[in-house]
Amino acid sequence: MAGKPSPRTRSRSSSPILLVTLSLLALSILFFLFSLSPRTLPSDTFPTRKPETSFVASLEHFLVHRAPKSPPAALLVRGTDDVVRDLDDSMSRIESERVLGDPYFPVGMPIRVYVYEMPSKFTYDLLWLFRNTYRDTSNLTSNGSPVHRLIEQHSIDFWLWADLIAPESERLLKSVVRVDRQEEADLFYIPFFTTISFFLLEKQQCKALYRDALNWVTDQPAWKRSGGRDHILPVHHPWSFKSVRKFMKNAIWLLPDMDSTGNWYKPGQVFLEKDLILPYVPNLDLCDAKCLEESYSKRTTLLFFRGRLKRNAGGKIRAKLVAELSGARDVIIEEGTAGEGGKEAAQNGMRRSIFCLNPAGDTPSSARLFDAIVSGCIPVIVSDELELPFEGILDYRKIALFVSSSDAVQPGWLLTFLKTVSPAHIREMQQNVVKYARHFLYSSPAQPLGAEDLVWKMMAGKLVNIKLHTRRSQRVVEQSRSLCTCDCQRANITSPSRLF
């Protein structure tokens, strides 16, 4: 007689169903937890590398992993009138759309940059030349400085370019983005290594390469459209590109300073409204917060300087300071030496000092300022009318003391002044120096609020002026064309196809 199944029978029949249900529930929970946990991305799509701040090490990695075995042929579009006009129409249309769609245009982020694909003789060939001759220590400048060390100090062109052309998946900066179409660009970057070519090529070979670069760039439609006003030209060493740079004076120059002495740039070539000052690449290793804490008790030197004791132009004040400070108690003034031994001596000296003297060199600025900052040593800047990198963003009064040249050379004045700074103020400034150091470090990959990032943040403030001057120059060109066309028609002759 059929009846209700016993409890034991019901339990047997429902067990598989319960098991399947529990298994599905467990799988769902695992899937949910996995979706919350960070996933491991392929190494080529995520910047797993520790930031590298050494130019030599970063260059080696770049050439091995990024440089093409056979660099692609450079894309050259000649700037005929029709091509320039078409580009201008496209850029105007896109800018109009951005005006309507972006309430912060043209100062919003990110800045859109078009990077020219120049022939390899301007880019990769020069990087390989540096790499293959780096061990040659006999190559010196007229004052005895190793040229490869100078190239490292002024290698801002490499750091900016390497970040711009890196795969977007590996980049960390949000302030700038590379665009593939010229009409979408706010700015145009010229990837020519002017400092490497100046120091490592024979004089006539270098001048010929400079002329080739000038002709290549100025024949581009985008250059002709704006007269170069929206083009970025890295000329960080004051000797670089010197023979032809007057023909590119409208471009945005990336400089170490504005050279208030007038020895390096012609009047009207450089000015703050147009150009941008970038920090030198530090020669010394970073002393971070832990390093600073450990070095407090070791900083027994009041004032430290190690470098060339005699310089030209504005650097002549060094000899006066040496005469005033040599032999003073708790002060170290030393002639600098090249090589790893000189670097180690400078680093040890700065890490054992409270203040580091920063007088002018051949130019108003010097790399020593940034060596002091990364060493946790408070800079004492003795350089009249010195413009500093990122001064529109950073407040240097928090990390440095500024002294006029006339005060610094007065007998006893400088040391008396430094001794009046209270221990509490010194400690506060030292801590600020460590916090600010990140802003002067170039690295691969480029870091947020690092030197490369602040370059583009400063550049954003220039966009309004750039576009204003570009529009004015275009208006002048159009007026000139109109006048020429009318004159040609009156004379019944054909208007020339190229006027500028």
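Predicted model: local features only at pLDDT ≥ 70, side-chain atom pairs only at ≥ 80, totals over all residues.
Let me begin with a helix pair: helix α2 (residues 55-65) packs against helix α6 (residues 156-164) at an angle of about 40°, and their axes lie 11 Å apart. Two packed helices are described by the angle between their axes and the distance between those axes. Here an axis is a line fitted to C-alpha atoms, for helices over the stretch in contact, and angles run from 0 to 180 degrees between N-to-C directions. The angle makes α2 oblique to α6; under 35 degrees counts as roughly parallel, over 145 as roughly antiparallel, 65 to 115 as roughly perpendicular, and the rest as oblique.

Residues are numbered from 1 along each chain as its sequence is written, and side-chain values use heavy atoms, with hydrogens and water left out.

To return to the pair, the crossing of α2 and α6 is left-handed, a term for a near helix turned anticlockwise from the far one by less than a right angle, clockwise being right-handed. Which residues make the contact? From α2 they are F55, S58, L59 and F62, and from α6 they are F158, W159, W161 and A162; contact means heavy atoms within 4.5 Å. By class, this contact has seven nonpolar residues, one polar and no charged ones. Nonpolar covers Ala, Val, Leu, Ile, Met, Phe, Trp, Tyr, Cys and Pro, charged covers Asp, Glu, Lys and Arg, and the others, Gly among them, are polar.

Helix α6 is largely enclosed by the rest of the structure, because nine of its nine residues are buried. Among them are the two aspartates D157 and D163. Buried means under 20% relative accessible area, exposed over 50%, and partly exposed in between, with a 1.4 Å probe and protein chains only.

I turn now to the salt bridges. The structure holds 20 of them, each defined as a side-chain nitrogen of Lys or Arg within 4 Å of a carboxyl oxygen of Asp or Glu. One joins R93 and E97 at 3.5 Å, N to O. These two residues are four apart in helix α3 (residues 81-101), and so are separated by about one helical turn. R93 is partly exposed at 43% relative accessibility, and E97 is also partly exposed, at 48%.

Is the pair of D275 and K274 buried or exposed? D275 is buried, with a relative accessible area of 1%, and K274 is buried at 11%. Their closest N and O atoms are 2.5 Å apart.

A further salt bridge links E335 and R308, at 3.9 Å between the closest N and O atoms. E335 lies in strand β8 (residues 331-335) and R308 in the loop between β7 (301-307) and α11 (317-325), so the pair ties together parts 27 residues apart in sequence. E335 is partly exposed at 38%, as is R308 at 26%.

Finally, the chain as a whole. It has 18 helices and eleven strands, taken as DSSP runs numbered from the N terminus, with helices (H or I) of at least four residues and strands (E) of at least two. Of its 500 residues, 47% count as buried. Among contacts between residues at least 6 apart in sequence, 74% join residues at least 24 apart.
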